[in-house]
Amino acid sequence: MDSVPSDSAVPTRRPLLLYLTVLVIATAGLVYELIAGALASYVLGDSVTQFSTTIGVYLSALGLGSYLSKFVKQRLAQRFVEIELAAALVGGGSAPILFLAFGHAQFFSVILYGMVIAVGTLVGLELPLLMRILREEVDFDSLVAKVLTFDYAGALIGSILFAVLFVPKLGLVRTSLLFGMLNCAVGFLTTWVLSDRIYAPARARLRRRAVALQCGLLGCFVYADHITHLAEEGMYSSTIVYAEQSSYQRIVLTAGGGGYQLFLNGNLQFSSLDEYRYHEALVHPAFAAAAQRAHVLVLGGGDGLAIREILKHPEVQSVTLVDLDPAMTRLARESELLRTLNQNALSDPRVEVIAADALVWLDQKVNKTYDVVIVDFPDPNNFSLGKLYTTWFYGLLQKAMHEHTIASVQSTSPLLARQSYWCVVQTMQTSGLHVQPYHALVPSFGEWGYVLAKKAAFAAPTQLGISGLSYLNDATLAGMFVFAVDMSRVPAEPNRLNNQLLVQYYEQDFSRWN
């Protein structure tokens, strides 16, 4: 028996209160798991792999915790509260610790999976102990049914609120700390709910520990921005001037080396010192090959830099920008740094900004065709981005193209990711497009690749039809369509939605350089 002298009456609604405890435990456990998966995808890439391995390790740890619970023989209520406080400490501190580990990628995986195992084991210990505590007060069949019902309900609540509310409003670090505080509060309140099963001296110790832990977590919650800033200072070589966690990604602007840089989820998107090379190469060859230039569609490119180049052509009457993250386009409109660099492109009255997934928008919303299409997505380093380089996507893209439309697609590096680049080319051809591959040197990235595409066969452009650019002229334009031997075409299968071979090619290509 676990019954001991108490300083209060046994709560008459103890089972209900403990079922609510199960709800909090399950919600918090799933949130910790999702945080670990999200941070793993930031540092290690390939979000599907990271989430699947994180989930697998977490579920295995739940089983380990459940198994270990059989060795807890005495003072079940006291041990339950101790485990709850330990879960609050480890789970609540998981995001801050993982952020601080960002700059040490060689140790990150060890820290990540160590924390996932620790949290999963602690959560796995809790539910069997609760069921053993309640078995004398609740019919066994009813006990199992209700505990599992609250457990699964908590998982549902956690998964929905994580994406819809907590990450967009609080960010990963504060979300982690918030649920640590919830775990801590549950542990503190349980010393009253199970007061008749915990000796008075132990109750007092547990309450002091809970209060001290809650104060520590609250302090970290208040100073979460400082923790994140400290962690990111170790990750980036330049000074961070802006950082934001949007609903979709971590946006960081840094300044150093005479310019500034934009990072999304830790991946460099541009440096102000040489981005003009990238964006001139992305936009102007397409305009040089275009029969008409009045109406332009841009997919991705929420920083507005491609639109800056597009608006240099006086024939342009309208530009439709479709970008997933409204936080990025808002920053491009409001940040003095970005507004100066993109020359207030997103505030031009000819520009319409649509916040949507480009693939879904093409499938469901596109209702017109465009003269020029610029596709400026991040590299396909995970399956969420890889879908934007599939035969399915390029099939949908053709819905926005008329007979004379020219499209330009950024397509990774033909030197650093050679098979990946030619996979993109092969995928576009498999979808029915005619292509002209080309490349440009961008010092921040190296040799970078693009593909021009039309529905009918066409020749590579030889004259820009525009002057005064910082990088391109007619001579450099012609050379962009010539590939050196070490960048020439290699065999590659097309990237289809059901296999995402491009992501595998990309990982293999860049593993050689890391």
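Contact here means heavy atoms within 4.5 Å. The model shown is predicted.

**View 1. The buried side of helix 18 and its cover.** Helix 18 spans residues 501-511. Leu-502, Val-503, Tyr-505, Tyr-506, Asp-509 and Phe-510 of this helix are buried. These residues cover an arc of only 160° around the axis, so they lie on the same side of helix 18. In an α-helix there are 3.6 residues a turn, so residues three or four places apart point the same way. What covers the buried residues? The cover includes helix 14 (383-386) and helix 16.

**View 2. Helix 16 packed on helix 18.** Two packed helices are described by the angle between their axes and the distance between the axes. Helix 16 covers residues 418-430. Its axis and that of helix 18 are 7 Å apart, at an angle of about 155°. Helix 16 is therefore roughly antiparallel to helix 18, since angles over 145 degrees count as roughly antiparallel. Helix 16 brings Arg-418, Gln-419, Ser-420, Cys-423 and Val-424 to the contact. Helix 18 brings Leu-502, Tyr-505, Tyr-506 and Asp-509. Sorted by class, the contact has 5 nonpolar, 2 polar and 2 charged residues.

**View 3. The largest nonpolar core.** In soluble globular proteins, nonpolar side chains tend to be buried together. The largest nonpolar core in this model has 64 residues. Which of them touch the most other members? Leu-39 and Leu-172 do. Several helices give two or more residues to this core, among them helix 3 (76-92), helix 5 (105-134), helix 6 (140-193) and helix 7 (200-222). Helix 1 (14-44) is also one of these elements. Helix 1 gives the most, with 14 residues.

**View 4. Asn-265, a loop residue with positive phi.** Most residues other than glycine have a negative phi. Asn-265 has a positive phi, near 50°, and is not a glycine. Where does Asn-265 sit? Its place is in the loop between strand 3 (259-264) and strand 4 (267-271).

**View 5. Thr-412, a buried loop residue.** Thr-412 lies in the loop between strand 9 (401-410) and helix 16. Its phi is positive too, at about 70°, although Thr-412 is not a glycine. Is Thr-412 buried or exposed? Its relative accessibility is 0%, so Thr-412 counts as buried.

Notes
Residues are numbered from 1 along each chain as its sequence is written. This is a predicted model: local features need pLDDT of at least 70, side-chain atom pairs count only at pLDDT 80 or more; totals for chains, interfaces and linings use all residues. Side-chain values use heavy atoms; hydrogens and water are left out. Axes are lines fitted to C-alpha atoms, for helices over the stretch in contact, and angles run from 0 to 180 degrees between N-to-C directions. Helices (H or I, at least four residues) and strands (E, at least two) are DSSP runs, numbered from the N terminus. Angles under 35 degrees count as roughly parallel, over 145 as roughly antiparallel, 65 to 115 as roughly perpendicular and the rest as oblique. Ala, Val, Leu, Ile, Met, Phe, Trp, Tyr, Cys and Pro count as nonpolar, Asp, Glu, Lys and Arg as charged, and the others, Gly among them, as polar. A nonpolar core is a set of buried Ala, Val, Leu, Ile, Met, Phe, Trp, Tyr and Cys residues joined through side-chain atoms within 4.5 Å. Buried means under 20% relative accessible area, exposed over 50%, partly exposed in between (1.4 Å probe, protein chains only). The arc is that of the directions from the helix axis to the C-beta atoms.
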